[in-house]
Amino acid sequence: MDAAMSSTALSGLNISKSRHDVSVHASELPHRSSLSSGTTGRTFQKLQLDTPVQSRNLVGKTLCSAEAWIQPLSATESQLQVEEDKVGVLLLNLGGPETLHDVQPFLYNLFADPDIIRLPRLFRFLQRPLARLISTLRAPKSKEGYASIGGGSPLRKITDEQADALKMALETKKVAANVYVAMRYWHPFTEEAVQQIKRDKIKKLVVLPLYPQYSISTTGSSVRVLQDLFREDKILSRIPVAIIQSWYQRAGYVKSMADLIEKELQTFGSPEEVMIFFSAHGVPVTYVRDAGDPYKDQMEDCIYLIMQELKARGINNDHKLAYQSRVGPVQWLKPYTDEVLVDLGKQGVKSLLAVPVSFVSEHIETLEEIDMEYKELALESGIENWGRVPALGCTDTFITDLADAVIEALPSAAAMTPPSTTVSAPNSFNQNPVGYAMKMVLGSFLAFIILLLFPAFKNQSV
């Protein structure tokens, strides 16, 4: 399972059922059950990360590159507009290790995130020692997975190409903007991107997570870090910012997904007999039940919209949604992808088209988990014809729609409240180095005991 989005992994380590500290206010996450060109976005200032969301009931495998179809502004026109408006677009993604040497530190960054391993306040001193232990134990297995796809994640390369394509698409629409990439767990880190935004003296910023559906473990975690950075800096706190929180309901995205599915169906001998199998990244049930994560509702709504678009084109294939990449001894969103594949084989399904609906870039969860592990399982279960829809990457219609989303979000940008002048809490190590060391030793011991009690944590790849 990929270290990128995949590891909401271990988020299920809930030692208590206390409500998660970080979530998004429900009013900031409206759902749409019909296609819309609008953007689900709100200003950075209005984003409340301390109020839980209420659940709602809602009805290519090649790397991308900037497309030649775009006709950008001239260099002079572009420079003049950038100097006048200084618009910035910040793409958020989780990142991935670029070499096998990067795997262990990447995993440490991942599991050290309190939005991934959710510990109650009493046990938060365990966060780092637990992350150190888990990342060390998981690294060998994870390295095998990355070695099988070429020795590292292609996520940064693809995201950089998407940033270039988006910049060109915006220029085509007469909006000159600097486009930045911020990875949550590997380079370029969010902190690096934010410092570049500050150096470039950006006057207005649109934050665009590369996750179609919102989850507190992906968009929520990235935005939390971004919010902290802006609030702590007097200059950054004055920059008007708008966040596009989710965009799965946009007509451009839905049509782009339908285009890819329709194209891949034609590669089968009998396209009308193919089961369209949506495999989404899973999250622990506690995210939805206790923390109010809207991810499940948004995913189901997303599948509904895509299937409605396909039906409008005369494509009436059966479809199924399942969730992949579960980890640990807790319950994740069901049904599980691996179990459903086995059941479909028993039911006599012979042709299946896998659709990685959570991902807009190829990475280990598509290239290794779906293309290798799930394909092998499907064929062993009796499915004879296997296909997979490529991730959107730099698909023309997709990038154009992202550009439209950015333009629509710009008017809603507003500056954050200036940072307070309160004194930060003293560093635990500086205040009591002996006590800090004892906590770290105790934390490592308890983390080891946890892994002994729950061996499933170390049997899954990330």
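A note on the model: it is predicted, so to speak of local features I need pLDDT of at least 70, and side-chain atom pairs count only at pLDDT 80 or more, while totals for chains, interfaces and linings use all residues. Residues are numbered from 1 along each chain as its sequence is written, and side-chain values use heavy atoms, with hydrogens and water left out.

**Entry: Met299**

I placed Met299 in helix α9, residues 295-312. Helices (H or I, at least four residues) and strands (E, at least two) are DSSP runs, numbered from the N terminus. Is Met299 buried or exposed? Met299 counts as buried because its relative accessibility is 0%. The cut-offs are under 20% relative accessible area for buried and over 50% for exposed, with partly exposed in between (1.4 Å probe, protein chains only). I also checked Gln213: it sits 86 residues from Met299 along the chain, yet their C-alpha atoms are separated by 6.5 Å.

In the largest nonpolar core, which has 67 residues, Ile261, Phe278 and Val357 touch the most other members. Helix α9 gives the largest share of this core, 8 residues. A nonpolar core is a set of buried Ala, Val, Leu, Ile, Met, Phe, Trp, Tyr and Cys residues joined through side-chain atoms within 4.5 Å. Beyond four places in sequence, the contacts of Val357 include Phe278, Met299, Cys302, Ile303 and Ile306. In soluble globular proteins, nonpolar side chains tend to be buried together.

Most residues other than glycine have a negative phi, and most peptide bonds are trans. So I went looking for exceptions to that pattern.

- The His187 to Pro188 peptide bond is cis, with omega near -10°, and Pro188 lies in the loop between β3 (177-183) and α5 (190-199).
- Lys334 and Pro335 are also joined by a cis peptide bond, omega about 0°; I found Pro335 in the loop between β7 (319-324) and α10 (337-346).
- Lys174, not a glycine, has a positive phi of about 65°. Its loop runs between α4 (155-172) and β3, and Lys174 is exposed, with a relative accessible area of 54%.
- Lys201 has a positive phi of about 55° and is not a glycine either. Lys201 is in the loop between α5 and β4 (204-209) and counts as exposed at 57% relative accessibility.

Key:
Contact = heavy atoms within 4.5 Å.
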